[in-house]
Amino acid sequence: MLCRTRPLCVRMLSSNAAVSKKVLQKLRSETGLPFIKIKEALQETDNNPDKALKWLEEKATEQNWAKAQKLSQRETSQGLVGVFQQKDFVSMVTLQCETESVAKNENFISLLYHSAIALQQSQENGAIGLMMYSI
């Protein structure tokens, strides 16, 4: 079946285009944006990195990504340290937040506890050494 509107046909073809992993990784390291957003940008621009960056900037402006980026750089001066011991293993987790009220929140404390247990279980399964995770 033939398309009557050419831009629609071009878009349909480009959305099925394969995305280059190298270009995807390069844009990810440059922008820090999620892979799904970068993949979408590359599909919309036929794997052209320069056009993809421009497309991402336009979308970011439309959707206020800059505000979210700004919020992610706030100082986290409050938080909790959790230590969990079982048998011969000890796990220590530091979880930071912006305010003291968040640190005292039941959900925050639960996250700290479950993170310490997960770290403990990974040590028991043969992982040895210092592990650092950033969320």
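Here is a short tour, starting with the whole chain and then going stop by stop.

Before you click anything: this is a predicted model, where local features need pLDDT of at least 70, side-chain atom pairs count only at pLDDT 80 or more, and totals for chains, interfaces and linings use all residues. Residues are numbered from 1 along each chain as its sequence is written, and side-chain values use heavy atoms, with hydrogens and water left out.

**The whole chain.** Helices here are DSSP runs of H or I with at least four residues, strands are runs of E with at least two, and both are numbered from the N terminus. Trace the chain along the sequence and the order is α-α-α-α-α-β-β-α-α. Of the 135 residues, 21% count as buried (buried is under 20% relative accessible area, exposed is over 50%, partly exposed is in between, with a 1.4 Å probe and protein chains only). Among contacts (heavy atoms within 4.5 Å) with a separation of 6 or more, 34% join residues 24 or more positions apart.

**Stop one: helix 2 against helix 3.** Select residues 21-31 and residues 35-44. Their axes come within 10 Å and cross at roughly 125°, which makes helix 2 oblique to helix 3. Axes are lines fitted to C-alpha atoms, for helices over the stretch in contact, and angles run from 0 to 180 degrees between N-to-C directions. Angles under 35 degrees are roughly parallel, over 145 roughly antiparallel, 65 to 115 roughly perpendicular, and the rest oblique. The crossing of helix 2 and helix 3 is right-handed, meaning the near helix is turned clockwise from the far one by less than a right angle. Now show side chains: V23, L24, L27, R28 and T31 of helix 2 meet F35, I38, K39 and L42 of helix 3. That contact divides into 6 nonpolar, 1 polar and 2 charged residues (Ala, Val, Leu, Ile, Met, Phe, Trp, Tyr, Cys and Pro are nonpolar, Asp, Glu, Lys and Arg charged, and the others, Gly among them, polar).

**Stop two: helix 2 against helix 4.** Helix 2 brings V23, L27, E30 and T31 to the contact, and helix 4 brings P49, A52 and L53. By type, that is 5 nonpolar, 1 polar and 1 charged.

**Stop three: T45.** Buried or exposed, what would you say for T45? At 11% relative accessibility, T45 counts as buried. T45 sits in the loop between helix 3 and helix 4. Setting aside neighbours within four places in sequence, T45 is in contact with K51, A52 and W55.

**Stop four: the salt bridges.** How many salt bridges turn up in the whole structure? The search finds 2, each with a side-chain nitrogen of Lys or Arg within 4 Å of a carboxyl oxygen of Asp or Glu. Go back to helix 2 and pick K26 and E30, which lie 4 residues apart, about one turn of the helix. Their closest N and O atoms are 3.7 Å apart. K26 is partly exposed at 48%, and E30 is partly exposed at 46%. Finish at E100 and K104, whose side chains meet at 3.0 Å, N to O. E100 is partly exposed at 45%, whereas K104 counts as exposed at 59%.
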